[in-house]
Amino acid sequence: MIRREFLAGLTGLSALAAAPAISFAQTPMNLGQQWDVIVIGSGLAGLSAALSASENGADRILVIEKLPVLGGHSRLSTGSFLAVSTKRLEPLGIHTSVDAVLEEMMEVGGGIGNKDLARLLLSQSDAAMDWLETHGLVWNPEPYVAVGSPSAYAFRTIQGFTGSHYIFKLNQRARERGVRFLYDQPVTDLLQDPVSGNVNGVVVKSKNHEVIYIRGNAVVIATGGYSANNALCRKFNSEISALMPSTANPGGRYLDGAWGDALEFTKPFHAATVDLDKIQKICFLGGRLVDYTGADIYLNKNGLRFVNEGASHGDVLVELLKQPQRAMWVITDSQSKKGLSLENKLADGAVKKFDSLRQVAAFIGCPAETLEETVTRYNDFVLKGVDKDFGKKVMLQTISYPPFYVGQERVGVHYCCGGLKFNEKAQVLNTSDEPIAGLYVAGEASGGVHGKDRLGGIGLTDAVVFGRIAGREAALLERASEHTEFRYVPPRSRSVQELDASADFEPTSD
């Protein structure tokens, strides 16, 4: 914590008031200037906010990333982008509307999501696609129903199922527009103007463990959720097990910064949180090869289908927990369009390839006759267009052409539907439901939009839509003075009583 670094040996309000004035012009790493907008996090939400801020008049924009690599969870995503894009869907004979998808979204979320924010998200989804297109993404014109989204349609780029392409393009455009990046620097606190109370900067700890104060007119939080912090997930939700990994890092081999940092460093500002226990658990940790509904089937240990594979993630999970050993296998064949992870999954053994269903049955450990009957019955449903067992609506192909691909799945933590409470201008709200001046949020760090669960493919949409709004609003915030030296102590170091003693922290002229 920053208070242990900065206040070692200091006690009491008088010691805090005696802290030396910070001259931002002398801050190391050329960070002493006042930035127009500071963005915390370099995932899709953070990059969207930075670009949007630039497009809305901000000149000096800094993106701070706690890891040595950019992209957050977005770069690891499959790239599904759910959108109500009538101009792209209706020429294909697909009719939908914001109201129709909103109804589905609210149903999947258990009816507790913020309907106004959800409607805003969906109504801006088409414009978000257009915006991404202006920044170099090229959309595949063929829509699909994303896994975990019962009927709403999603899109992908022509480069295939990968979120890393979004990151590559927006990072490229952000740099072209002069956005600056600071890597491997965790933000530990927010700074506050002692007169107005506005958030006006951040505190980071450098690689050399130096405390660095970075001053900005507005701050956008895009730090992601807390799915990598298993202890925190279990604190909020008793259904999370200590053995339940994050789907972003199932093997624990990768860097994952989703630790819920923003929940901590916003506490001194009495930031409100919402739905922290609403943590999405899904049954996909590596055995599945396609991210669209209609090209695979889910089997239990006995070789039987047990669920509508096009159901929401939550509904699939409910049915999985009823199965023998809570085990599930996913099978597809040579006809399906595989994701870019195919070779890696075959190499590390997460997915196996077989020439016959009998070999698949031996791998699962079920009777070959049972599996063959299951697949034959399903293929008959596909040909007739009606799933008499589970009511699956999207069946794009039979499972009949070898080689067959099969992988076992288990439950993992996928997405945090809860987080910082915010409004339609992406402003973080305090516990009195009032905006915290100068502070914005976007992406998985925010909460309240989706409810208990979210639609498949809408995570990236959420990041772009609210990232754009946060960047725009932060850029349009009235500029603060650039010629003031402040006497600061990191807000998290102070008690509520000390925060009220603003006379001890008056600015002084240069």
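**Figure 1. Asp184 counts as partly exposed, at 30% relative accessibility, and has a phi near 60 degrees.** The model is a predicted one, in which local features need pLDDT of at least 70 and side-chain atom pairs count only at pLDDT 80 or more, whereas totals for chains, interfaces and linings use all residues. Residues are numbered from 1 along each chain as its sequence is written, and side-chain values use heavy atoms, with hydrogens and water left out. Partly exposed here means between the limits for buried (under 20% relative accessible area) and exposed (over 50%), with a 1.4 Å probe and protein chains only. Asp184 is found in the loop between strand S6 (180-182) and strand S7 (187-192); helices (H or I, at least four residues) and strands (E, at least two) are DSSP runs numbered from the N terminus. Most residues other than glycine have a negative phi, whereas that of Asp184 is positive.

Figure 2. With a relative accessible area of 66%, Gln325 is exposed. Pro403 has its place in the loop between helix H14 (368-384) and strand S15 (404-409).

**Figure 3. Strand S1 (residues 35-40) pairs with strands S9 and S2.** Two strands are said to pair if DSSP finds at least two bridges between them. S1 and strand S9 (residues 211-221) run parallel and are joined by 5 bridges, while S1 and strand S2 (residues 61-64) pair, also in the parallel sense, over 4 bridges. Ile38 can be followed on both sides: Val219 stands opposite Ile38 in S9, and Leu62 is the bridge partner of Ile38 in S2. Because 6 of the 6 residues of S1 are buried, this strand is largely enclosed by the rest of the structure. S1, helix H3 (residues 44-55) and S2 together make a right-handed β-α-β unit, where right-handed means that, with the strands pointing away from the viewer, the path from the first strand over the helix to the second runs clockwise.

**Figure 4. Tyr144 and Tyr292 form an aromatic pair, one of 9 in the structure.** Rings of Phe, Tyr and Trp (its six-membered ring) pair if their centres lie within 6.5 Å, and planes under 30 degrees apart count as stacked, over 60 as edge-to-face and the rest as tilted. The ring centres of Tyr144 and Tyr292 are 6.4 Å apart and their planes stand at 75 degrees, so the pair is edge-to-face. Tyr144 lies in strand S4 (residues 144-145), whereas Tyr292 lies in the loop between strand S11 (279-282) and strand S12 (297-299), so the pair ties together parts that are 148 residues apart in sequence. Both tyrosines, Tyr144 and Tyr292, are buried. In the pair formed by Phe354 and Phe363, the ring centres are 5.6 Å apart and the planes are at 40 degrees, so this pair is tilted. Phe354 counts as buried at 15% relative accessibility, while Phe363, at 33%, counts as partly exposed.

**Figure 5. The charged ends of two arginines, Arg288 and Arg454, sit over aromatic rings.** A charge sits over a ring if NZ of Lys or CZ of Arg is within 6 Å of the ring centre and within 35 degrees of the ring normal. The charged end of Arg288 is 4.1 Å from the centre of the Phe284 ring, and that of Arg454 is 4.3 Å from the centre of the Tyr415 ring. Elsewhere, Phe81, Trp139 and Tyr166 form one aromatic cluster.

**Figure 6. Phe422 is a buried loop residue, with a relative accessible area of 4%.** The loop that holds Phe422 runs between strand S17 (419-420) and strand S18 (427-429). Contact means heavy atoms within 4.5 Å; leaving aside neighbours within four places in sequence, Phe422 is in contact with residues including Leu117, Val441, Gly447, Val449 and Phe466. The C-alpha atoms of Phe422 and Gly447 are separated by 7.5 Å, although these residues are 25 apart along the chain. In the chain as a whole, 76% of the contacts between residues at least 6 apart in sequence join residues at least 24 apart.
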